[in-house]
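Biologist: I am new to this structure and would be grateful for a close look at a single part of it. Please describe that part and then relate it to its surroundings.

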Amino acid sequence: MKALLVESFQQKPKISLVADPITPENGVVLEVKATGICRSDWHGWMGHDSDIVLPHVPGHEFAGVIREVGKGVENWKIGDRVTVPFVCACGTCPTCQSGNQQICDDQFQPGFTHWGSFAEYVAVYRAETNLIRIPESVSFEAAASLGCRFATSYRGIVAQGKVSGGQWVAVHGCGGVGLSAIMIAAALGAQVIAVDISEEKLALAKEAGAGILLNAKTVSDIPGAILELTGGGAHVSMDALGSKITCFNSVSCLRKRGMHIQVGLMAGSETNPPIPMHLVIAKELELLGSHGMQAHAYPEMMQMIQSGKLSPEKLIGKRISLDEAVEALIYMDTFSENGMTMINSF
């Protein structure tokens, strides 16, 4: 099959012909119809993820059609339209048994622990636990966008943040994760403040539902501005980028008993950000991480998409071929793309 192959960290990948995936027992092989390029893929290419063994095929946000079904799979058949969370759970460990498959003790992650979806085909293990059926009304591109950024934001805003109508929600960073969080929070009736350093990205944030836009290049004190605009601070604030500055600002802009949600990955030089712990204590703030979403939690989100309350496809900024993905991957950290970049041609 044709695939984007990483042979050395931080060196330009190449499009290669590699062996087709073997159908795993209790798993399936999908023909990839769409797969997103995420900053997590860039982190993997940089060598920030210890799970990756070279040579490697990245890609963890994808949707496709089942082409082969392994022994032990009973509820899925060839031709089914499916997607998966980026964390594929075992379904049997104590964490999974508690309902928290998104942080499974024995997780399988296409694009990280195993070869991923920047290819014509991808193998998915533990099909009964992890496959999610795509309704006919939802496109492959929209479904692929759910796997990491949109679903992670959904769980962060809905399950972790418990955002409700009328609350103030601040989102720091308006890439794919941030735009998703803005759309979801706005759909719940929240008043959303978007923060970025790009006017183009802030324009997209407005389209996604943000009512207030703050450009960190021109607003020197982002937490101070948010505290003033909201009359005390945000109820919920999300760092959707993953930097020392955005993390600090997200915590600092909260009102008393507010909640900071960390979704943006903290890697490389940004691994250990300073936290204003005096505010955490004085204001009784909550700091939560959010890491993907369980397969069993997808139906509620799918219903909101089918009803038109959420439109993840609107967040796709560019559709490209697998060949074009080589350049798109290595320049992911320049933040030059607006919205999600989706591979839909192989």
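Modeller: The model is a predicted one. Met277 lies in helix H9, which covers residues 277-282. Together with Ile275, Ile281 and Leu287, Met277 makes a nonpolar surface patch of about 350 Å².

The interior may be considered next. In soluble globular proteins, nonpolar side chains tend to be buried together. Here the largest nonpolar core has 51 residues, and those with the most contacts inside it are Phe150, Ile157, Val169, Ile182, Met238, Met301 and Leu310. Helix H4 supplies the largest share of this core, 9 residues. Apart from neighbours within four places in sequence, Met301 is in contact with Leu146, Phe150, Ala151, Tyr154 and Met293. A second, separate core of 20 residues includes Ala3, Val18, Ala119 and Ile330.

Helix H5, residues 176-187, spans 17 Å from its first C-alpha to its last, close to the 16 Å expected. Of its 12 residues, 10 are buried, so H5 is largely enclosed by the rest of the structure. Among these buried residues are Val177, Leu179, Ile182, Met183 and Ile184. The buried residues of H5 pack against helices H4 (140-160) and H6 (199-208), and against strands E8 (168-172), E9 (191-196), E11 (234-239) and E15 (340-345). H5 is followed by Gly189, which has a positive phi near 95°.

How values were computed:
Residues numbered from 1 in each chain as written. Predicted model: local features only at pLDDT ≥ 70, side-chain atom pairs only at ≥ 80, totals over all residues. Heavy atoms only, no water. Helix = DSSP H or I, 4+ residues; strand = E, 2+ residues; numbered from the N terminus. Expected span 1.5 Å × (residues − 1). Buried < 20%, exposed > 50% of the residue type's maximum accessible area, 1.4 Å probe, protein only. Contact = heavy atoms within 4.5 Å. Core = buried A, V, L, I, M, F, W, Y, C linked by side-chain atoms within 4.5 Å. Patch = residues over 30% accessible without salt bridge, like charges linked within 9 Å, V, L, I, M, F, W, Y side chains within 5 Å. Areas by Shrake-Rupley, 256 points an atom, 1.4 Å probe, with all protein chains shown as cover. Salt bridge = Lys/Arg side-chain N within 4 Å of Asp/Glu carboxyl O.
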